[in-house]
Every structure is written in C-alpha cells, then in structure tokens.
Amino acid sequence: MQSLLLPVGFALASALSNATATVLQRQEALKVPSSSGLRPGLMLDLLRRPLWLAGIAAVLVAGVCQALALNTGPLAIVQPLFVLELPLALIIASMVMHRRLPRAGWGAVGLVVVGLGIALAALSPTGNRTQVPLDRWVPALAFCGGAVVALSAVALRRPVGRTRAALLGAATAISYALTAALMKSATHILEDEGAAAFFTSWEVYAFAVTGGTALFLLENALQAGPLVASQPALTLGDATLSLLLGVTLYEEHVRTGWWLLPELLGLALITVGVFALARIPLAESLVAAEKTSGASPPQAGQPLP
C-alpha cells in the first residue's frame, strides 16, 4: 500500500494541473474561428493567446507529474485516476468564472469519486514491468493507430454535432492512453539506461507524436459539439484502454471472478457521474456548442453566457 502513495500522489497532481489547463484552453478555444474540418490553422491562432499558452504550461507540469507517476506505479492505477480531471476542472471553473457548482454537480462529483474508489479497490492492480518487447508493441500500435485513423475519418464525414464530437473524443482517448503507455516505457529507459539511450529510443519520439496528435484531436473535439458528447468518450475511453494496455503490455494483474461485480458497479457510478457533470450548464459553457449564424465568440473579459 505504501508503495502506491507516490504514484497516486503524482497522478493526482497531474490531474489537477490538467484540469487547470482544461479550463484555460477550453475558454480560449472558443475565441478563435472554427471550421467544419480539422483545421491546422487552429493551433496557430491559439498560440497567439497568452491564457492558452498558460494552459500549455500547466500541461507540461502535468506531463512531468504523469511521467513520475507512471515510472513509480502501474499504468492500470495511474491512468484511471485521470477521470478526476473533469470534476476538478469544473470546480476550478466555478471559482475562475465566479459561478456556483449546483448541488446536482456536487452529487455527480461524489459519484465519480466513490465509483473510482470502488473500481480501483476491486481491481487492485499489481505489477510494474519496466520494459515491453517490440513484438508486443507492434499489435498495440497497429490497433490504436488504426482506430484513431478510422474514428477521425468517420468523424469528418459527420456534420458538426454530438456524433462528431463523440468520435473525436474517442480518438483523443486512444491517443492519450497510447501516449501514457509509451511514456511509461520511455521513463524507465531514462532511469535504467541514461539520457543517451532515452534520446535514441523510438518510444520517446513515438509518445511525442501520439501526444501531439491527442492535443490536436482534443482541440477539434472541443469545437465539434457539446461536452456531453466528447467528454464521456474521452474520460472513460482513456481509463479503459489504459487498463487494457497495462494488462497486455506491462503484464499488470487485476482481480477477476466475483470482483467483477464491484468493478462494474464502480464503472457504472463513474459513467453516471461523468454524464451528469457534462450536462450541467457550467460544463457546457466551456465548449463550443451550437453557434448561430453571424454570432461572434465572446471577447476577452466578456462573461460567457
């Protein structure tokens, strides 16, 4: 139990930093022009906004904490803790935007926290393999890469709205889960073999590519439709796939048998809580929902509706 305190602490710090980044980045993403395609110019517009850059700084802090968490603990414990990002983001947003989180929102936060506690206690992940052979990486990379391409291609065929946002959210979740798995391997290479081996390992450049892809897909998912469509796919998809990658790549062990009952109960509570949180007005105000023709985005210093 004591050995898990360090990775859990780093994971919670990372979730808090990511939540802060989410609030900053999502508000800034609403203030730049949107389009019906995956617009590369979106990133250039965002790079000119100081608050979005502050969000990127928070992302970097979160990345360091996440790397430390993955280096010291199982993937199957670290990544599921990131379901707390949405509750934390809404709590931070309520303070930043001077808006109260409704009683139903606090109830949903409680469902997510309790559900996560039940699920992780029942799963009780163990094992912390430090290296993964290439023959295990190949099918994982092929599956994840193919799924991201397929989901993005289908999303582009759909109009702006819930379906498109959900598909891009799922593609983002896969990218984040794969990034975490690659980051875990890279941190162990740095620890065991030194900086030279770290900068010459393919895992380092692979997680840089998948991480950049995840960020790009996330920004487009935020403009594609309401949070209730993209956030559940992102939150639940990342946690679930990370758990599977931990078991298949890193030989981490989770409890099965009758333990599946509390695990499913925990997952159900998390799902209900995430959907409830994504539906509250405070959450919806952080994403581009439906913009009317000729409507202009809120200007800096102007309150969101």
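Is the crossing of helix 8 and helix 11 left-handed or right-handed? In this predicted model, these two helices cross in a right-handed manner. Helix 8 covers residues 162-193 and helix 11 covers residues 227-249; their axes lie 7 Å apart, at an angle of about 30°. Because angles under 35 degrees count as roughly parallel, helix 8 is roughly parallel to helix 11. From helix 8 the contact draws on residues including Arg 162, Gly 169, Thr 172, Tyr 176 and Ala 181, while helix 11 contributes, among others, Val 228, Ser 230, Gly 237, Asp 238 and Leu 249. By class, the residues of this contact comprise 16 nonpolar, 5 polar and 2 charged.

Helix 8 also packs against helix 7, which is formed by residues 134-156. Here the angle is about 160° and the axes are 8 Å apart. Angles over 145 degrees count as roughly antiparallel, and helix 7 and helix 8 are therefore roughly antiparallel to each other. The crossing of helix 7 with helix 8 is left-handed. Among the residues that make the contact are Trp 137, Leu 141, Cys 144 and Leu 151 of helix 7, together with Arg 164, Leu 167, Ser 175 and Ser 185 of helix 8. Ala 170, Ile 174, Leu 178 and Ala 181 of helix 8 take part in the contact with helix 7, and these four residues are also listed in the contact with helix 11. The contact of helix 7 with helix 8 has 17 nonpolar, 3 polar and 1 charged residues.

Helix 11, in turn, meets helix 12, which spans residues 260-279. The axes of helix 11 and helix 12 come within 8 Å and cross at roughly 145°, and the crossing is right-handed. On the side of helix 11, the residues in contact are Leu 227, Val 228, Pro 232, Thr 235 and Leu 236; those they meet in helix 12 include Ile 270, Val 274, Phe 275 and Arg 279. This contact is made up of 8 nonpolar, 2 polar and 1 charged residues.

Attention may now pass to the largest pocket, which holds about 990 Å³ of space. Of its 40 lining residues, Asn 18, Val 59, Gly 63, Gln 66 and Tyr 176 are the closest to its centre. Tyr 176 also belongs to the contact of helix 8 with helix 11. At least two residues of the lining come from each of helix 1 (2-29), helix 3 (50-72), helix 5 (85-96), helix 8, helix 10 (202-224) and helix 11. Helix 3 provides the largest share, 10 residues. Divided by class, the lining consists of 24 nonpolar, 13 polar and 3 charged residues.

Technical notes
Residues numbered from 1 in each chain as written. Predicted model: local features only at pLDDT ≥ 70, side-chain atom pairs only at ≥ 80, totals over all residues. Heavy atoms only, no water. Axes fitted to C-alpha atoms, helices over the stretch in contact; angles between N-to-C directions. Parallel < 35°, antiparallel > 145°, perpendicular 65-115°, else oblique. Left-handed = near helix turned anticlockwise from the far one by under 90°. Contact = heavy atoms within 4.5 Å. Nonpolar A, V, L, I, M, F, W, Y, C, P; charged D, E, K, R; others polar. 1 Å grid on protein atoms, 1.4 Å probe; cavity = no way out; pocket = protein on both sides within 12 Å on 5 of 7 lines; lining within 4 Å. Points joined across faces, edges and corners; volume = space filled by probe spheres on them.
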